[in-house]
Amino acid sequence: MRKLQNTEGSKDREANEKPGNWKVNFNKNANMIKQTVDKSISMVFLILLLILWQIISSVGSIPKYILPSPLDVGITFVKVLPDLKDHLLTTLWEAIVGIVISIIVSFVLAVLMDSIAFFKKAIYPILILSQTIPIIALAPLFIIWFGFGLIPKILVVTLVCFFPIVVSFVDGMDSVDSDLLNLMKSMKASKLMVFRHIKLPAAIVSFFSGLRIAMTYSVMGAVIGEWLGGEKGLGVYMMRVKHSYSLDKFFAAIIVIVVLSMLLFKLISLIEYFCMPWKKVKAR
Amino acid sequence: MNFYPNDDKSSVKLNEDKNSIKLEVKNIKKSFEGILVIENVSLYLKNKEFVTILGLSGSGKSTIFNIISGLMIPDEGEIIIDGEDYTGKTGRVSYMYQKDLLLPWKNIIDNVALPLVIKGINKKDSRKEVEPYFEIFGLKGYEKKYPHQLSGGMRQRAAFLRTYMFSRDIMLLDEPFGGLDAITRSRIHYWLMEVLEKLETSVLFITHDIEEAIFLSNRIYILSDKPAKVIDEIIIDIPRPRTKDVTTSVRFNEFKKHILNIMDRLY
Ligand SMILES: Nc1ncnc2c1ncn2[C@@H]1O[C@H](COP(=O)(O)OP(=O)(O)O)[C@@H](O)[C@H]1O
Ligand SMILES: [Mg+2]
């Protein structure tokens, strides 16, 4: 079946593209149903967990300052949301500035590593080694060096996000087929042409997968930075409510962080979708 | 029966232009890390001629192409194109691989126009220049599609057009249809036969498929196993354009038998 569809010539291609092709449509629908079912399974499981949590915290008479029930958290969440707005914006700002700095630095480093073999040999192992340093251990140092302002938080975000981004850039450039590079060479293409038409697009394709990972780390990085002190931010808020044993507020902040991370993740997918028009069209 | 270049009678009829030599490979030698891969290869390609280099895998065919295209420098010998020395110089002939090497992020028209963009022509003008060829190459309607939307055969057609856009007089094709299934492959042979009739191009072709070589070629060089040298040269005098029926003709099968006999002696 597959093999027959693969044969060239326009006849079977056209047949494939016709909207009335029931087999293709059927498969598409079946896939969509399967995806929806898969998603619902985890939703149902999550709801069951929440119910279990609710039962344990109300029947087991656990004090609210140890473990608030999901219902308490929900009520508090709605109540404190207006107070959280400023903190949320601060954290978001730190995360985004950190990400942007990571992207710029990564891009410059990746281009240098791609064009100068010696540079790559010198830098790449150090980059990988740097990943073994626990960022949480570094964060207090940043506070000592840079105070309680935004800078130490942005630095933590940058350090956390930088690695997946730079690796995705470098891998993207490395992934270019050597035959393709030879083909370009046989055409006497300049380095700039090869970069513009081949290396850069290849790097951007894999860059997005790195960016998506980095985006989910970024909010976490900012919050960790804020835990150590500051004036505003979700992390600062969490520390404050923890000290007053308002764990329901603490959990409300966690919900905000989760939602924020998920929104950023979706945002990247959306940007990716618009940056890569060739991915919009379905394969044959 | 005579399979061999019978220089006087057959070539006298051809006109001056047709007889002129486009490309000449003169006594090239090449070793890699002390291992001799190309022992001594000389061959030529005339104007509008389709010449095949037939040899076993690993015999050094691609290395010969790398040398002709200027990607590699031979240890000895030279490459002469239109009477000029092009040894080790890239940017003169066009080169096509078994992989289509189309860029997934460009649509077909921009992929095909890439060689012109590399030569410094702006995007708009290069698109305009390649557009008329889509009709001739049977790619009409595929201009705005992306490579992954095309079948393997159509992708190779697009890759062939891109190759043609870089150099329209000399094309090197390195097993361009090796990755296609049998049915698609014979269809693309008929297609290529038709397209070549409309173009003024000389083709040097690599394959290890004997039938493909006979069907497409004016002339075939048979290469020895590594280290490579030319062990035979055969003129395929079946009139062109050739159609499907040729492959079942007596003459075709005589050539096939003859070449099989020569190849058998390689072991
Ligand atoms: N760049 C290279 N370095 C070392 N050995 C090579 C290189 N290119 C080709 N060879 C060797 O030369 C021989 C011929 O290769 P190739 O020209 O690709 O053969 P073919 O195209 O006929 O299959 C092979 O044994 C291969 O290993
Ligand atoms: Mg080869």
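Which residues make the nonpolar surface patch of about 680 Å²? Here are my notes, starting with that one. Keep in mind that we're looking at a predicted model.

1. **The patch on chain A.** The answer is a set of eight names: A:Ile96, A:Val100, A:Ile104, A:Phe107, A:Val108, A:Leu112, A:Ile116 and A:Phe118. Helix H4 of chain A, residues 70–115, gives the most to this patch, with six residues.

2. **Who sits around ligand 1?** Now switch to chain B. The shell around ligand 1 includes a run from B:Leu56 through B:Ser57, B:Gly58, B:Ser59, B:Gly60, B:Lys61 and B:Ser62 to B:Thr63. B:Phe32, B:Val37, B:Met72 and B:Lys226 are also among the residues around the ligand. Sort the shell by type and you get four nonpolar, six polar and two charged residues. Helix H3 of chain B (residues 61–68) supplies the largest share, three residues.

3. **Polar contacts to the ligand.** A polar side-chain atom of B:Ser62 is 2.7 Å from an oxygen atom of ligand 1. For B:Lys226, an N or O atom of the side chain is 2.9 Å from a ligand oxygen. B:Ser59 uses its backbone instead: an N or O atom there lies 3.2 Å from an oxygen of ligand 1. As for cover, ligand 1 taken alone exposes 560 Å², and the protein buries 63% of that.

4. **Two cis peptide bonds.** B:Pro227 is in the loop between strands S9 (219–223) and S10 (228–235) of chain B. Another cis bond joins B:Arg240 and B:Pro241, with omega about -10 degrees. You'll find B:Pro241 in the loop between S10 and helix H10 (250–264) of chain B.

5. **The sheet in chain B.** Strands of a sheet pair through backbone hydrogen bonds, and they can run parallel or antiparallel. In chain B, ten strands form an open sheet with mixed pairing, in the order S5-S4-S1-S2-S10-S9-S3-S8-S7-S6. The edge strands are S5 and S6 (94–96), each of which pairs on one side only.

6. **Zooming in on one end of the sheet.** Strands S1 (residues 21–32) and S4 (residues 76–81) of chain B run antiparallel and are joined by five bridges. What is the bridge partner of B:Leu23 in S4 of chain B? That would be B:Ile81. S4 also pairs with S5 (residues 84–85) of chain B, antiparallel again, over two bridges. On that side, B:Ile81 stands opposite B:Glu84. The hairpin of S4 and S5 in chain B has two residues between the strands, and B:Asp82 takes a positive phi near 50 degrees there.

Note on methods. Residues numbered from 1 in each chain as written. Chains lettered and ligands numbered in written order. Predicted model: local features only at pLDDT ≥ 70, side-chain atom pairs only at ≥ 80, totals over all residues. Heavy atoms only, no water. Near = heavy atom within 4 Å. Polar contact = N/O pair within 3.5 Å; in protein donor to acceptor, adjacent residues only side chain to side chain. Areas by Shrake-Rupley, 256 points an atom, 1.4 Å probe, with all protein chains shown as cover. Helix = DSSP H or I, 4+ residues; strand = E, 2+ residues; numbered from the N terminus. Nonpolar A, V, L, I, M, F, W, Y, C, P; charged D, E, K, R; others polar. Pairing = 2+ DSSP bridges. Patch = residues over 30% accessible without salt bridge, like charges linked within 9 Å, V, L, I, M, F, W, Y side chains within 5 Å. Salt bridge = Lys/Arg side-chain N within 4 Å of Asp/Glu carboxyl O.
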